[in-house]
Amino acid sequence: METINAGLERELRDYVARPDEHARLRGIFERASPLMQEIAHHLIYGRKAEVDRLTRQALDEDYSPNVILDDGLIAGMAVVGIKFRDNLIFVPEVLIAARAMKAGLAHVEPILSASGIEPSGTVIMGTVKGDLHDIGKNLCIMMLRGAGFIVHDLGVDTKPEQFIEAVQRHQAPVVGMSALLTTTMPNMGRTIKAFEAAGLRSAIRFMVGGAAVTREFAAEIDADGYGKDAIACVELAKELTARSRRKL
Ligand code: B12
């Protein structure tokens with residue numbers, strides 16, 4: 001068990017009030033090495049240059065990308081999410097933290113995306129209309145590429161027509177949609193309905209994810225699968241690719 005650095009201790013003490021969240025994060029930080037703790041702490045404060053440098057250093061020291069993600073970058077972003085929810089910080093601070101996270105992810109990406117294996121299938125990925133969150137989607141894409149998928153990334157604020165156009169252009173049997181806002185989640189259902197209206201629903205398998213999305217919600221909108229994280233996303237993409245009976 002590692003000692004938690006003073007900065008993270010302060011974050012936990014002053015800002016993470018809910019006992020379940022406090023215990024979960026304390027567990028992660030106690031498991032994390034001093035270097036991972038440093039990455040998490042700098043990320044919370046949006047110190048891009050430090051996150052950039054320390055993530056590079058961690059890879060040079062042979063840390064696995066998954067450890068850097070779980071114990072450093074995602075753990076730090078979890079604290080940011082709690083402070084944002086509890087109105088202790090606001091959009092500008094979150095944006096700055098997101099930039100720092102992206103600087104770290106940029107180092108991890110080539111490793112996660114380098115598969116060197118036969119293509120496992122083709123997937124279209126996008127964050128749905130009205131939603132600008134893309135960190136989780138991008139992580140899913142890195143993992144999918146690392147597992148050998150060809151992924152066409154439609155970015156954020158993706159309208160149903162753009163998903164349809166991409167599916168037709170790339171002859172892709174699997175569509176992944178991401179949404180982080182309760183107000184944009186319904187656009188996942190609307191996108192599926194648009195495929196129905198275009199006569200394309202039966203040929204496509206839809207997977208959905210993002211912090212607010214649940215398995216129940218996925219069933220409600222008639223999605224074919226829900227994934228809670230990037231690892232689940234890869235498993236789901238494999239399963240849905242196998243199940244897809246293309247009729248384009
Ligand atoms: C960073 C962030 C931002 C950044 C986004 C930067 C970016 N480029 O992405 C900025 C500052 C722009 C932002 C803006 C806003 N945000 Co914001 N944001 C966050 C925050 C803190 C972290 C999100 C994140 O990146 N998490 C880390 C990644 C790795 O996790 P993830 O996205 O969940 O992804 C994982 C899984 O969900 C899954 N997954 C994701 N997508 C998919 C897809 C598939 C197919 C599968 C299988 C799996 C999968 O795998 C991923 C990897 O493990 C969250 C808090 C939170 N707890 O989520 C709030 C949060 C999502 N934001 C929130 C809000 C309210 C907003 C704003 C409306 C604020 C405002 N007043 O303007 C705006 C909306 C802008 C818009 N139109 O989209 C709320 C949403 C509340 C709600 N329930 O609707 C949250 C929950 C914060 C809160 N608790 O209040 N935000």
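**Entry 1: around the ligand**

I sorted the shell around the ligand by class and got 23 nonpolar, 10 polar and 5 charged residues. I note here that the model is a predicted one.

Next I asked which residues come nearest to the ligand. Of the 38 residues around the ligand, these are Gly-81, Arg-85, Gly-136, Gly-209 and Gly-227. I then listed the elements that give two or more residues to this shell: the helices α5 (65-85), α6 (91-113), α7 (135-146) and α11 (230-243), and the strands β3 (174-178) and β4 (205-209). Which element gives the largest share? I found that α5 does, with 6 residues.

**Entry 2: the sheet**

I looked up the strand order and wrote down β2-β1-β3-β4-β5. The sheet is open, has 5 strands, and its pairing is parallel. The edges are β2 (149-153) and β5 (225-226), and each of these pairs on one side only.

I went through the pairings of β1, residues 121-127, strand by strand. With β2, strand β1 pairs in the parallel sense over 5 bridges. In this pairing I found Ile-124 opposite His-152 of β2. A further bridge links Met-125 to Asp-153, also in β2. With β3, strand β1 again pairs in the parallel sense, over 5 bridges. Here Gly-126 stands opposite Met-177 of β3.

Is β1 mostly covered or mostly open? I counted 5 buried residues among its 7, so I take 20 or more other C-beta atoms within 10 Å as the mark of a buried residue. I also followed the chain from β1 through α7 to β2, and this β-α-β crossover is right-handed.

**Entry 3: helices on the sheet**

I returned to β1 and its 5 parallel bridges with β2. Helix α7 packs on the sheet and touches β1, β2 and β3. The direction of α7 makes about 155° with that of β2. Helix α11 also packs on the sheet, and I noted its contacts with β1, β2, β3, β4 and β5. The direction of α11 makes about 170° with that of β4.

**Entry 4: two helices together**

I checked how α3, residues 34-44, packs with α6. The angle is about 145°, and the axes are 8 Å apart. From α3, the contact uses Ile-39, His-42, Leu-43 and Ile-44. From α6, it uses Ala-97, Ala-100, Met-101 and Gly-104.

**Entry 5: positive phi**

I kept in mind that most residues other than glycine have a negative phi. Asn-87 is not a glycine, yet its phi is positive, about 60°. I located Asn-87 in the loop between α5 and α6. Is Asn-87 buried or exposed? Asn-87 counts as exposed because it has 7 C-beta neighbours inside 10 Å, and the limit for exposed is 12 or fewer.

Asp-222 is another residue other than glycine with a positive phi, near 70°. I found Asp-222 in the loop between α10 (215-220) and β5. Asp-222 has 13 other C-beta atoms within 10 Å, so it is partly exposed.

**Entry 6: two more residues**

Where is Ile-111? I found Ile-111 in helix α6. Ile-111 counts as partly exposed because it has 13 C-beta neighbours inside 10 Å. I then compared two distances for Ile-111 and Ser-64: they are 47 residues apart in sequence and 9.4 Å apart in space, C-alpha to C-alpha.

Leu-132 lies in the loop between β1 and α7. What does Leu-132 touch, not counting residues up to four places away in sequence? I wrote down Val-156 and Asp-157. For Leu-132 and Phe-217 I have 85 residues in sequence and 20 Å in space, C-alpha to C-alpha.

Methods
Residues numbered from 1 in each chain as written. Predicted model: local features only at pLDDT ≥ 70, side-chain atom pairs only at ≥ 80, totals over all residues. Near = placed C-beta within 6 Å. Helix = DSSP H or I, 4+ residues; strand = E, 2+ residues; numbered from the N terminus. Nonpolar A, V, L, I, M, F, W, Y, C, P; charged D, E, K, R; others polar. Pairing = 2+ DSSP bridges. Contact = placed C-beta atoms within 7 Å. Axes fitted to C-alpha atoms, helices over the stretch in contact; angles between N-to-C directions. Right-handed = clockwise from strand over helix to strand, strands pointing away.
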